[in-house]
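Me: I am new to this structure and would like to know what stands behind the words used for it. Please take the terms one at a time.

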Amino acid sequence: MIHLLNLLAAISLLVWGTQIVRTGILRVFGENLRHVLSVSMSARWRAVLAGLGVTSLIQSSTATCLIISSFLGRNLVPLSAALAVMLGADMGSSLMAVVFSFDLSWLSPFLIFIGVVMFVTREKTTAGRLGRVAIGLGLILLSLQMIGESTRPLMQSPPVRALLVALPNEVLLDIFVGALLTVLSYSSLAIVLLTATLAASGIVPATVALGLVLGANFGSGLLAVFTTARGPVAERRLPMGNLVFKAVGCLIAIPLLPEAHVLLQQWVDTVHQQVVVFHLAFNVMLAVLFIGLTQPVARLIESLLTTPPVADTQRPRHLDKSALATPSLAISCAAREALHQADVVETMLRGILPVMRNNDLELAEKLRRMDDVVDELYSAIKFYLTQISREALSERESRRWTDIVSFTINMEQIGDIIERVLQDIEDKKIRKSRRFSDAGMAEICHLHERLLANLRLGMSVFLDGHVRDASKLLEEKARFRDLEHEYAGSHIARLQENTAQSIETSSLHLDLISDLKRINSHICSIAYPILESAGALTQTRIRHSALAPLDAEEPSAR
């Protein structure tokens, strides 16, 4: 019993080690890896090489698939190029299995020791995160050694030997078991390494091991399909196309397994290396066979998975739950949804003037209902962000996480203010059949126009993070405050002149320009995180020149 528990613990350690390496690499190089993939789509073989290189680092073709699927969701790359990347990604995963097949047990304690020292002493730095990767690599090598040691006593057990003899030599059953284990462990690499180690120990016959390897490949395709099952149609196409490649490849390989086994015995010395070499050869053959068929397969998948008409474009549509496994990708999804929330707010803000000019109660009610959409998007984005592992985020991504939260809070508060403004317009103007003076309406229109321009600038600052635009947005806060004071004074002057329309709408007019200033303040708040991270903000916004007269009066006041 103890030997079985040791084997299960070693297998768990293997799966956990691959997870640590994947999340660590994504945390350190996530944005750079996404950039490499995005710029490597111009040629098929360049896309294959990019997929191979990126997956060799993160050791997960599923993670690569999720990153590329996000590009498809934004129409940044064609499906045919994305399929070429996945052919390279599968080769990258199998290449790492070959690397781990060598006797690297001597390297395990060194990696764990160095990794722990780096992680403990410099946890928040890039060196500390690389130390985490080193720990993961050391755990993978240690777990492979533990699996080998745990299987030797099991092989000497008569019940285990009897069970192995009774196992049917069915390729389809082997493929099913390999696929199931891959889906459950979330790592085809771990299952291939486990299969190779068990085959080398004699627990699993070599022919069965080859079937399990085919199943692991098919299971990795299923895993990506399951992970993106609830995502947009555009993001589901790549996993489905990659699964088609793997399924056809397995069908071709099944009748060739006996010949492949003979060739492996002739050319490769150990059973362990035979298994991983077969895994690599299978994925290389997939790339060779299907690199010229990415275009027709892409057309086939696009015809099968058509984009349905969107019933309600104002509900959350970018918060892909499958991206939560890749934190840098999830941050991007949350940012896109935050911009969607801002689009709804802009629609509400833009509708204020038509409501006032046309006394349109129906439009006012429609716009007020949109505040519920803004609140729903805010709640969805906030909940989505809480599901992202903060530990897996780089320092820059952590700041982006905070920026998104701040941005959505400001948008939600702007929506609340606009809802109250619309209600005031209904109660104090439309239902009482009042109208603004021409001068008063012109002032409101001017403030409204500047507000829309500032909102668009704020969205640009949030999207791009340019310090110059952020500074320009912050300057607009002072200009808008000066305009509010100027127009409030103009309104009071019209009251002194006994302008009837100004007297009737006085309360609404003053409240309206004050509310517009509050909206502008929330918009300008978008600039603060950008300027603060760039070191462009002073510790206080109080001007020393303004304090000088107070300092002069202070002694006399005492």
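**Terms and the values behind them**

Reply: Leaving out residues up to four places away in sequence, Met-118 touches Glu-123, Ala-127, Gly-128, Leu-130 and Gly-131. The model is a predicted one. Met-118 belongs to helix H5, residues 107-121.

Me: What makes Met-118 partly exposed?

Reply: The relative accessible area of Met-118 is 25%. Buried means under 20% and exposed means over 50%, with partly exposed in between. Met-118, at 25%, is therefore partly exposed. Met-118 and Ala-134 are 16 residues apart in sequence, and their C-alpha atoms are 9.2 Å apart in space.

Me: Why is Thr-55 called buried?

Reply: Thr-55 has a relative accessible area of 0%. The limit for buried is under 20%, so Thr-55 counts as buried. Thr-55 sits in helix H2, residues 44-58. With neighbours within four places in sequence left aside, Thr-55 is in contact with Ser-60, Ser-61, Thr-64, Ala-89, Gly-92 and Ser-93. From Thr-55 to Cys-65 is 10 residues in sequence and 9.6 Å in space, C-alpha to C-alpha.

Me: How do you know that Ile-513 is buried?

Reply: Ile-513 has 1% relative accessibility and so counts as buried, since the term covers values under 20%. Ile-513 is in helix H22, residues 506-524. Not counting residues up to four places away in sequence, Ile-513 touches Leu-447, Glu-484, Tyr-487 and Ala-488. Phe-480 is 33 residues from Ile-513 along the chain, and the C-alpha atoms of the two are separated by 10.0 Å.

Me: Why do Cys-333 and Cys-445 count as buried?

Reply: Cys-333 has 2% relative accessibility and therefore counts as buried. Cys-445, at 17% relative accessibility, counts as buried too, because the limit is under 20%.

Me: How many disulfides does the model have?

Reply: The count comes to zero disulfides. The rule asks for a pair of cysteine sulfur atoms within 2.5 Å.

Me: Why is H4 described as largely enclosed by the rest of the structure?

Reply: Of the 22 residues of H4, 20 are buried, and H4 is therefore largely enclosed by the rest of the structure.

Me: What makes H9 largely enclosed as well?

Reply: In H9, 12 of the 14 residues are buried, so H9 is largely enclosed by the rest of the structure. Among the buried residues of H9 are Ser-188, Leu-189, Ile-191 and Thr-195. Helix H9 covers residues 188-201 and reaches 20 Å from its first C-alpha to its last, close to the 20 Å expected at 1.5 Å a residue. Gly-202 follows H9 and has a positive phi, near 90°.

Me: How do helices H10 and H13 pack?

Reply: H10 (residues 206-227) and H13 (residues 271-290) pack at an angle of about 35°, with axes 10 Å apart. The crossing of H10 past H13 is right-handed. Residues of H10 including Ala-206, Leu-210 and Asn-217 meet residues of H13 including Val-271, Phe-278 and Asn-283. The contact divides into nine nonpolar, three polar and no charged residues.

Me: What are the totals for the protein chain?

Reply: The protein chain has 24 helices and zero strands. Of its 558 residues, 51% count as buried.

How values were computed: Residues are numbered from 1 along each chain as its sequence is written. This is a predicted model: local features need pLDDT of at least 70, side-chain atom pairs count only at pLDDT 80 or more; totals for chains, interfaces and linings use all residues. Side-chain values use heavy atoms; hydrogens and water are left out. Axes are lines fitted to C-alpha atoms, for helices over the stretch in contact, and angles run from 0 to 180 degrees between N-to-C directions. Helices (H or I, at least four residues) and strands (E, at least two) are DSSP runs, numbered from the N terminus. A crossing is left-handed if the near helix is turned anticlockwise from the far one by less than a right angle, and right-handed if clockwise. Contact means heavy atoms within 4.5 Å. Ala, Val, Leu, Ile, Met, Phe, Trp, Tyr, Cys and Pro count as nonpolar, Asp, Glu, Lys and Arg as charged, and the others, Gly among them, as polar. Buried means under 20% relative accessible area, exposed over 50%, partly exposed in between (1.4 Å probe, protein chains only). The expected span of a helix is 1.5 Å times one less than its number of residues.
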